[in-house]
Amino acid sequence: MELFRELPPQKQAYMDFLFQNCTEEVKYYMRLIEVDAAQTLIEAGERCSFIYIILAGKVTGIEWPMRERSYAFKDYGPGDFFGEIECFADMANYRISVRTVSKCRVLTIPAAYYMDWLRQDPDALYIRTKENMRRLVTQTAEARKYLFIESRERLMMYLVRKYEQQSETVLELKQNRNQMCDEIGFSVKTLNRNIKKLEEIQKIKIEKGKILLNEINYIWMKEHLDSYLNG
């Protein structure tokens, strides 16, 4: 399908195979939309009415575990699906929030027509079930690991993600402390304590209240986190 031509070749081939026998209703009701950066694409708790497929750009998943603060747990990009797992589980509402990191092109399909198609297409159902099982196993392990990570390392993970979301050699973090708390899942007191720790060991700089992270310290954080998580 022409819609998938902007995807990387391997993902394009996957989508062409997946949609080769999709129903006329899916073809008729699917829509291509453009969403600006820093917008909420899906809000956790809203009714699960559409399946969203990212064709271009990057988004972040925001987890809302019970009795816990929310936290941004992973970035996603072209070829990733949202809303599908909830439909497979017969859940009425979206389980996670999804926010755009950059400007995105997104394919939307009404959930009812999407699921009707999969019920009729065993090949499509099989490959999407396999993909969703893999994603659930991976996400569950990552989420469990994240919740037990020390607060300093959680802050580093956040800074590394923010660095990788931009194209400059120095990250100038635009989020204020309250926004950071919402995204990481910290209290302001915990956040400020860990910012001070990283500043004391000269891994970040604070200028006019903003956090600066250069390329050298970004690489150091990446290597430290790799050792911390896998050592």
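**View 1. The second largest cavity holds about 30 Å³ of space.** Here, a cavity is a set of points on a 1 Å grid over the protein atoms alone where a 1.4 Å probe fits but cannot get out. Its volume is the space filled by probe spheres set on the points, which are joined across faces, edges and corners. This is a predicted model, in which local features need pLDDT of at least 70 and side-chain atom pairs count only at pLDDT 80 or more, while totals for chains, interfaces and linings use all residues. Residues are numbered from 1 along each chain as its sequence is written, and side-chain values use heavy atoms, with hydrogens and water left out.

**View 2. Meet the lining of the second largest cavity.** Look for F17, L18, Q20, N21, D121, D123, A124 and I127 (lining residues have an atom within 4 Å of a point). Two or more of these residues come from each of α1 (9–18) and α5, and α5 gives the most, with 3 residues. Helices (H or I, at least four residues) and strands (E, at least two) are DSSP runs, numbered from the N terminus. The lining has 4 nonpolar, 2 polar and 2 charged residues (Ala, Val, Leu, Ile, Met, Phe, Trp, Tyr, Cys and Pro count as nonpolar, Asp, Glu, Lys and Arg as charged, and the others, Gly among them, as polar).

**View 3. The largest cavity has a volume of about 80 Å³.** Of the 11 residues that line the largest cavity, F82, G83, I85, E86 and R135 lie nearest its centre. At least two lining residues come from each of β6 (81–82), α3 (84–88) and α5 (122–147). By class, this lining divides into 4 nonpolar, 3 polar and 4 charged residues.

How values were computed:
On a 1 Å grid over the protein atoms alone, a cavity is a set of points where a 1.4 Å probe fits but cannot get out, and a pocket is an open set with protein on both sides within 12 Å along at least five of seven lines; lining residues have an atom within 4 Å of a point.
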